Amino acid sequence: MATDPRRNKILEAIRSRRVTRFFEGDPIDRSILQAIVETGRWSPAAGNRRFSRFVVVTTPRTIEAIQMLAPGIDGLPTALIVICVDWELAGSMGVDTNHPTVYYDTAMAAQNMLLAAHALDIGAGPVTSFSKAAVSLLLNLPEWMSPAMILCLGHPDRSKISRKTKPARPLRWQDITWWERYSASEPDDEPA
Amino acid sequence: MPISEKSILELVAFLLASARLLETEPRDYGQMRLMAAAARVCDMTADQVTPELGQILARFADAIPEHQPHRLREPEAYLAFIDDCCRELARYLQESANNGD
């Protein structure tokens, strides 16, 4: 692996990943979906206690039904990875719905899968605006499992990319980073 | 073209899910969802009404998504756009009343 940050493929994937909201209709090969969802299993998890469970959906009618009850889904993906939480397992370890680490774990699994999708030229975007009640029913989830996030996947519709106008001044990492400690003055570009 | 059952189902599902989600989502999502729903209704019904109203609704169906990206960056201009839409409907209603429709 290249150690030059400017040539490292993983860092390049992180920098170039964008959310995809509109997709072409071609299905994603199952082997690709398997490779993507596997990276969710390898994400970090607090105490290595894995409460995340994944439901992969490729049936068009199920995806359409979920999309209708998910205001956060714009286009029509060709696959979904629904990240769920096993609350029975979490509860057995003293973790309840007020415990934030469950949601951190969901986010880390999502990030792994979003990057994996990008690395495999699959468009992807995370969605949390959906009816949990409806999605639970459509996916036949048991009562002790709830959907936390939906990853929408598909081949990007490149005719609909970059519809938004870019901000006058893009946010840089330097704008949101302090070295050693926070300061009320402008963030430093360099360590003190 | 008659309104399809699928269109109605999509709209009702969108509104119900949005109502539930507002319990935990940022307050301004309400405006975003209502405008999106308004655009859908306009698109669904523009050819079901009088030609004059249909033109207004067709314009709204196009203009609402066009203005959506400016909602956060230019909030006052976005509100002014919504006010313009409301005024246009008010004018149509006033003229309809004057014509005895």
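Tutor: In this predicted model, a residue is called buried when its relative accessible area is under 20%, exposed when that area is over 50%, and partly exposed in between.

Student: What makes F81(B) count as buried?

Tutor: The relative accessible area of F81(B) is 9%, and because the cut-off for buried is under 20%, F81(B) falls on the buried side. Y78(B), at 2% relative accessibility, counts as buried by the same criterion.

Student: Why are Y78(B) and F81(B) called a tilted aromatic pair?

Tutor: Their ring centres lie 6.3 Å apart, and since pairing requires centres within 6.5 Å, the two rings qualify as a pair. The angle between the planes is 40°, whereas stacked needs under 30 degrees and edge-to-face over 60, so tilted is the term that applies.

Student: How are Y78(B) and F81(B) placed in helix 5 of chain B?

Tutor: They are three residues apart in that helix, which spans residues 75-98, and are therefore separated by about one helical turn.

Student: How do you know that the pair of W87(A) and Y103(A) is tilted as well?

Tutor: Here the centres are 6.2 Å apart and the planes make an angle of 55°, which lies between the limits of 30 and 60 degrees, so this pair too is tilted. It links distant parts of the chain, with W87(A) in helix 4 and Y103(A) in helix 5 of chain A, 16 residues apart. Over all chains, a search of the whole structure finds four aromatic pairs.

Student: What makes R41(A) count as lying over the face of W42(A)?

Tutor: R41(A) is at 4.1 Å from the ring centre of W42(A), and the distance limit is 6 Å, with a further requirement of lying within 35 degrees of the ring normal. In chain B, the charged end of R40(B) sits over the ring of F14(B), 4.3 Å from its centre.

Technical notes
Residues are numbered from 1 along each chain as its sequence is written. Chains are lettered from A and ligands numbered from 1 in the order in which they are written. This is a predicted model: local features need pLDDT of at least 70, side-chain atom pairs count only at pLDDT 80 or more; totals for chains, interfaces and linings use all residues. Side-chain values use heavy atoms; hydrogens and water are left out. Rings of Phe, Tyr and Trp (its six-membered ring) pair if their centres lie within 6.5 Å; planes under 30 degrees apart count as stacked, over 60 as edge-to-face and the rest as tilted. Helices (H or I, at least four residues) and strands (E, at least two) are DSSP runs, numbered from the N terminus. Buried means under 20% relative accessible area, exposed over 50%, partly exposed in between (1.4 Å probe, protein chains only).
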